[in-house]
Amino acid sequence: KRYIAVELLVNNSGADSFYVDPSSYIRLKSQDVSQAPTSSTLQLPISAGSKGATGVVYFLMPESDTQLTLDFLAQPDSHIKEASTSFQIPA
């Protein structure tokens with residue numbers, strides 16, 4: 001296995017602070033697995049109206065998996081829809 005580090009740039013255009021727990025809301029998926037983060041440097045909470053908050057989210061993934069999808073899970077109580085982005089890392 002290997003660690004995948006994903007750096008995030010976060011903007012909160014909402015009127016309320018956002019208390020994101022990466023292990024509850026973010027997954028890194030491959031064709032074989034879906035992994036919650038092992039750790040994160042994302043500072044909490046993300047203040048209302050803030051722009052440019054940064055942090056790194058770390059995942060432990062099979063070394064052979066190179067086609068990955070970062071998935072932000074839906075949060076119906078907060079009216080947040082699921083979002084995802086795919087990327088490839090060199091083998």
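**Notes on the predicted model**

1. The accessible surface of the chain comes to about 5,900 Å², with 49% of that area on carbon and sulfur atoms (Shrake-Rupley method, 1.4 Å probe). Please keep in mind that this is a predicted model, where local features need pLDDT of at least 70, side-chain atom pairs count only at pLDDT 80 or more, and totals for chains, interfaces and linings use all residues. Residues are numbered from 1 along each chain as its sequence is written, and side-chain values use heavy atoms, leaving out hydrogens and water.

2. From the N terminus the order is β-α-β-β-β-β-β-β.

3. Four strands build an open antiparallel sheet in the order E3-E2-E6-E7 (strands pair if DSSP finds at least two bridges between them). Strands E3 (34-35) and E7 (83-88) are its edges, each pairing on one side only. Between the antiparallel E6 and E7 there are six bridges, and glutamine 67 faces glutamine 88 in E7.

4. A search of the whole structure gives one salt bridge (side-chain nitrogen of Lys or Arg within 4 Å of a carboxyl oxygen of Asp or Glu). Lysine 29 and aspartate 71 form it, with their closest N and O atoms 2.9 Å apart. Lysine 29 lies in E2 (residues 26-29) and aspartate 71 in E6 (residues 67-72), so the pair ties together parts 42 residues apart in sequence.

5. Which of the two partners is buried? Aspartate 71 is, at 2% relative accessible area, while lysine 29 is partly exposed at 31% (buried is under 20%, exposed over 50%, partly exposed in between; 1.4 Å probe, protein chains only).

How values were computed
Helix = DSSP H or I, 4+ residues; strand = E, 2+ residues; numbered from the N terminus.
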